[in-house]
Amino acid sequence: MRIVFAHLYPDYLNIYADRGNLAVLSGRARCRGIAMEVREVGLGDPLPDGADFFYIGGGQDREQALVAPDLAERGGVITSAVAGGAVVLAVCGGYQLLGRFYRDRSGQEQPGAGVLPLHTVAGDTRLIGDVLIECELEQGHRQTVVGFENHAGRTILDAAAEPLGRVVAGFGNDGESGFEGCRLDNAIGTYLHGPLLPRNPELADWLLARAVLHATGSLPHLEPLDDAIEGEAHAVSTARAYARGGRR
Ligand code: GLN
């Protein structure tokens, strides 16, 4: 089994160790005998044909402004790929740029790729801290996802859009709606850094399995791994999110 992984703008959008998400995915893939072919895609680089997984990290307004026009041009290709079942994980600044636009703190409107049904406008304050959300990646199976957020952007989902989850502690999309992130088929956008996946192995495997489904046409059964350390990291982040006195 082999999946093609497109890592967009690794030189510009990679804060809070977002690159660590790759290490987790390739490590968990290797443990199951899945080869992960990582293709770095910079400004003006071609996207790999038939990519199974698109990944884009977070960044400051300045770096986002440098990549936004290039990413916006790829909106149609990524939208079709998502409609075809490809996986997307977009974190914070990358998440914002997959919407229609991001109006940053300088008031500049950065074009978005229009893949996700949302837009973002920077506020005067930053939303910072540990976050705990509750979500249902699979219908009927509730789980928690934890991470760290630091953003000025307030993301507004379209009325019919599906959030990734409900905020249990923390700010999430805008500190108001009570929701965090957005999902569309196998595409997930989230404000959760940290990096996200080391402390959320269930989410990592969910993404991995869908990438294999896209590559092979069948959903694999991934052998469980010893996630004791990941479980501890999840518990520590959960306690921190509660301790910060966010929503309950
Ligand atoms: N620059 C964006 C904001 O401030 C995204 C920040 C990030 O990726 N952490 O909202």
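The model is predicted: local features need pLDDT of at least 70, side-chain atom pairs count only at pLDDT 80 or more, and totals for chains, interfaces and linings use all residues. Residues are numbered from 1 along each chain as its sequence is written, and side-chain values use heavy atoms, with hydrogens and water left out.

The chain contains six helices and 12 strands; helices (H or I, at least four residues) and strands (E, at least two) are DSSP runs numbered from the N terminus. Its C-alpha trace spans about 45 × 45 × 30 Å along the principal axes. Of the 248 residues, 54% are buried, where buried means under 20% relative accessible area, exposed over 50%, and partly exposed in between (1.4 Å probe, protein chains only).

A search of the whole structure finds 16 salt bridges, each being a side-chain nitrogen of Lys or Arg within 4 Å of a carboxyl oxygen of Asp or Glu. Three of these pairs are listed below.

| Pair | Closest N and O atoms |
|---|---|
| Arg142 and Glu134 | 4.0 Å |
| Glu134 and Arg166 | 3.3 Å |
| Glu138 and Arg210 | 2.9 Å |

Glu134 lies in strand β7 (residues 118-138) and Arg166 in strand β9 (residues 165-169), so this pair ties together parts 32 residues apart in sequence. Glu134 is partly exposed at 24% relative accessible area, whereas Arg142 is exposed at 59%.

Glu138 also lies in strand β7, and its partner Arg210 lies in helix α5 (residues 201-216), so the two tie together parts 72 residues apart in sequence. Arg210 is buried, at 11%, while Glu138 is partly exposed, at 35%.
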